[in-house]
Amino acid sequence: MSDFSEELVRPTTEDEQGETCVLSGTGMCFPWLQKHIETVATGGKREKDFAQTTSACLSFIQEALLKHQWQQAAEYMHSYLQILEDSDSNKRQGAPEIIWRLGSEILYYHPKSSLETFNTFADRMKNIGVMNYLKISLQHALYLLHHGLLEDANRNLSQAETWRYGEKSSSKEVLINLIQAYKGLLQYYTWSKKKMELSQLDEDDYAYNTASQNMLNHSWKTSINLCALIQIPGVWDPFVKSYVEMLEFYGDQDGAREVLTNYAYDEKFPSNPNAHIYLYGFLKRERAPREKLISVLKLSIEKNMILHRKKEEHHKLGLEVLFGVLDFAGCTKNITAWKYLAKYLRQTLMGSHLAWVQEEWNSRKNWWPRFHFSYFWAKSDWKDDKTLACEKALVAGILLGKGCRYFRYVKKQDHQVLQKKIKQMKKSVKKYSIVNPGL
Amino acid sequence: MDLEEAKEFKERCTQCAAVSWGLTDEGKYYCTSCHNVTERSKEVVNTEAIPNTKIQAINRGLKRKQKLEKGWDWYVCEGFQHILCQQADALQTLGVGPELKNEVLHNFWKRYLQKSKQAYCKNPVYTTGRKTAVLEDNPSHSDCDSAPELLSDFSCPSFVESGAESQPDGHARKPFSIIKAPQSEMASICSGSLDGVEYSLRKEKGIVKMSMPRTLAFCYLSLLWQRETVTLSDLLRFVEEEYIPYIHAFQQFPEEMKLYGRDKGIFAIESWPNYEDIYKKVIEVATFLDLPRFPDITEDCYLHPNILCMKYLMEVNLPDEMRDLTCQVVKVTGIGEVGFLTFDPVAKKTETVKYDVQAVAVIIVVLKLLFLLDDNLEWSLSSIAEKYNEDNKEDKPWFDFRKWYQVMKKAIDEKKQKWEEARAKYIWKSEKPLYHSAIDKPVVHKRREMVVNLQKQFSALVDSTPAVEKKSPSSFQFNWTEEDSDRTCFHGHSLQGVLKKKGQSLMTKNSLYWLSTQKFCKSYCKHVTTYEESNFSLSYRFVLNLFSFLLRIKTSFLHEEVSLIEKRLFKKKYNNKTKKKSSKSRKVRRH
């Protein structure tokens, strides 16, 4: 019997003829029950084909995105937009967010897309209803930042900051704080550029005064923007750092100390080793008494020790986080993540914790190969960033074995500088690949 | 739209810097490109136009009051008439004879109007109370006559004329404005048609109300009357493939037939027709119209199981030789007899033959007779055939079930994938948005505009390669030719491997059979059987899925039909109430 027929073979075939009716517990026959149940499930009405096709369309978009088929995704998107006219108001209201997420993803990657297209799209999506204005504005600004358009990003954030609609809800408040904080971060950037310029100027220079005045203005606005956010529990490292730097520059040592102490010791904040390091650094700069320094350091080390002790377990957590990060399309080219994943994988397998890797890999093995390790990506990664390609190839080799296309592609590339690295990679894969651990 | 009125406002939008303003209901300006609503309202800005203010104010005053569009006066039944007319035209372009439209459908429709007391009767519904007659010779009305062409057929008196004739004192009641005025006052309940609101509320006992699915019931009844070569599943597939106007049919109304409010629920639908539903409606309509016995379905008719079986055998790439067996089954079961096949709404009210489903069920029964389809015998028979074909390359090849499965599985999967993709891309919404009420209108228009703009953006990203040319409609979905090596054609293969000679006749080698259903409900519910997929063999499921996809019906529906054929075929078994797995050898005569 060939493979094909085996596909059809089933263990038992006898005495399996269909029961005529739905049997209830007492053996009574309720033939109508099945139909009744079916209709109730969809709220008494048959689902419209419109609803059925739009949800099918959504899954086609998701699949296309997964396979990086931006063209197809755009094609389906064209049809999916109809959902904005759905007569079901629930679906209609949920749609803008879905469209924004998928659409921005498509426009981010599509070869024919441009900055202008993205901007128009974002502006349109912001104004569909009022629910998404702030969120989309913030993401739009981040997109602009990504493309180095600081001024546009700043303008965007300012616009979002002044936008008002209805009551201030708590979720809105967080968003507004974030928007302001990012604006503050941008201002900090200009400020620190100005600081650089100032440091190059002579104090007697006539320009010095205006420049310093300028800086002062900036810092004032910035601190207002930043301080609201860092009151809220959370991990705000970049914001805290820049805020403290500015406070220190203008001699507000008390303010800076308060911020840092709060950031490090407030119970409501998640435990964050960086917070202690910042505080220690600040105290050292301030020439604080030795005892105090030591106490801070002790605490910091203590925390680090705990981290250390739990290192093995942390490896597991690390793997989890890294895999999770790389699930996002926006992070596919993040070299740090790949580097760490390669490192962690090697270490975990060296420590013979194959199960940990498999636990993470099982849910991903049916889509990561297409998502990350396709031939297309091998080629484009190698073109764009050879180190990234090497790291990814190592991961691909470990997870998928020597036969995987990504690994094979990178392996056969001839590169003078990376020769050693590739050789190492081959060795590691041979040693640790989870596909055929026997070899 | 109020875009015209907003032209004098020239400032740039604060959000997107465009100068493209519309007016909201409150008279405020909103940007049509980003939907930003300003605080500025019409009145304030307009001070510069002092000399004309009065006139403009008057103008606007009038316009404001009349938020709803004003077009021709038309009735819901005219709308359906227009759609039926479009559908009949489409059928004609598909190759159906012109009599279908001019005589059959026309007569059915007249009969419907009469039975539902809308026209051709002494007391049309519209004359009761304050309502006016249906089709008065209103001046604005005559323009729209060009549309319902059904009327212009010279052999029958024109619809409008006869409508007037049947109402001797028609001229006395024609004040359309009387109904129209109070309606537009109640802004939330309205309709573009004169009787849309009443129509949607009408619930009379014994009256079958017209609906979009029922237009297809009318089409099918006319096709059946004419004994055309179109089955119900073909008709519905043509609807889905847009050869026959349905989902977007109302968009073809003349410009002046405005459609909104309650009309939306009547004419704009968001589902494709469903076989079971339309089948029920066919019977319902035929009964309501009190139609006489339909022309006989004889052996030379397309709808006769012998011919349909041949057609479907070709469609699914099975050997022509199976035809003898299907004919045999048809004969034994008696489903090929004129009395059984011919539709007679008055005599047997609740049933008509589902010609296509039945033919397909016969083929499935024959496959079961030959191969048992128990996930076992079909494969061993295939191995024998495979071996024979290898050894005798010159001979007519034996039919190899496994090979057939491989070819069909691939073909059907591809077809299904394409079908699903096409469905997912289907554009339901019309270019002109439909709104429920005056309050709704600007919102709906804005939403539409937004969608169009976004769609433009994404279609710009799609390759401009012209879409695959639409293939011409065909009752065949597959095309099997001898040449294609990848898609072997099995039409010429022989069944020798599965038949054996016994005296003068041929018998199936397989002497076993299993019944799809052991018992039938004896209660009044007529419920035949529930199809629980996991209870059946995989090859049976494959065959069932294959055919139900071709007909676009539910697998359980087809399974039911198979059970019914088996019930006729193995009458004795069922009468004896044998509950054990039945086995039966069947003689098959060769002609």
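A nonpolar core, as I use the term today, is a set of buried Ala, Val, Leu, Ile, Met, Phe, Trp, Tyr and Cys residues joined through side-chain atoms within 4.5 Å. Please keep in mind that what you have on screen is a predicted model.

Let me start with chain B. The largest nonpolar core has 141 residues. Phe218(B), Phe267(B) and Trp404(B) are the residues with the most contacts inside this core. Helix 15 of chain B, residues 355-371, gives the most to the core, with 14 residues.

What does Trp404(B) touch, once residues up to four places away in sequence are set aside? The partners are Val316(B), Asn317(B), Leu318(B), Phe399(B), Phe490(B), Phe542(B), Val543(B) and Leu546(B).

There is also a second, separate core, of 73 residues. Among its members are Phe60(A), Ile83(A), Leu138(A) and Leu175(A). As background, nonpolar side chains in soluble globular proteins tend to be buried together.

Helix 7 covers residues 133-146 and helix 8 covers residues 150-162; their axes are 8 Å apart, at an angle of about 170°. Angles over 145 degrees count as roughly antiparallel, so helix 7 of chain A is roughly antiparallel to helix 8 of chain A.

Glu561(B) is in helix 20 of chain B, residues 555-569. Is Glu561(B) buried or exposed? Its relative accessible area is 9%, and buried means under 20%, so Glu561(B) is buried. Leaving out residues up to four places away in sequence, Glu561(B) touches Lys354(B), Val357(B), Gln358(B) and Ala361(B).

Now for confidence. Chain B averages a pLDDT of 78, and 71% of the residues score at least 70. Among the elements of chain B, helix 8, residues 212-226, has the highest mean pLDDT, at 96, while helix 5, residues 159-165, has the lowest, at 35. Residues 127-185 of chain B have a pLDDT below 50, and this stretch has 89 contacts in the model beyond near neighbours in sequence. Residues 577-591 of chain B also stay under 50, with 40 contacts beyond four places in sequence. For the complex, the predictor gives an ipTM of 0.74 and a pTM of 0.72.

Conventions. Residues are numbered from 1 along each chain as its sequence is written. Chains are lettered from A and ligands numbered from 1 in the order in which they are written. This is a predicted model: local features need pLDDT of at least 70, side-chain atom pairs count only at pLDDT 80 or more; totals for chains, interfaces and linings use all residues. Side-chain values use heavy atoms; hydrogens and water are left out. Buried means under 20% relative accessible area, exposed over 50%, partly exposed in between (1.4 Å probe, protein chains only). Helices (H or I, at least four residues) and strands (E, at least two) are DSSP runs, numbered from the N terminus. Contact means heavy atoms within 4.5 Å. Axes are lines fitted to C-alpha atoms, for helices over the stretch in contact, and angles run from 0 to 180 degrees between N-to-C directions. Angles under 35 degrees count as roughly parallel, over 145 as roughly antiparallel, 65 to 115 as roughly perpendicular and the rest as oblique. pLDDT is the predictor's confidence in each residue, from 0 to 100.
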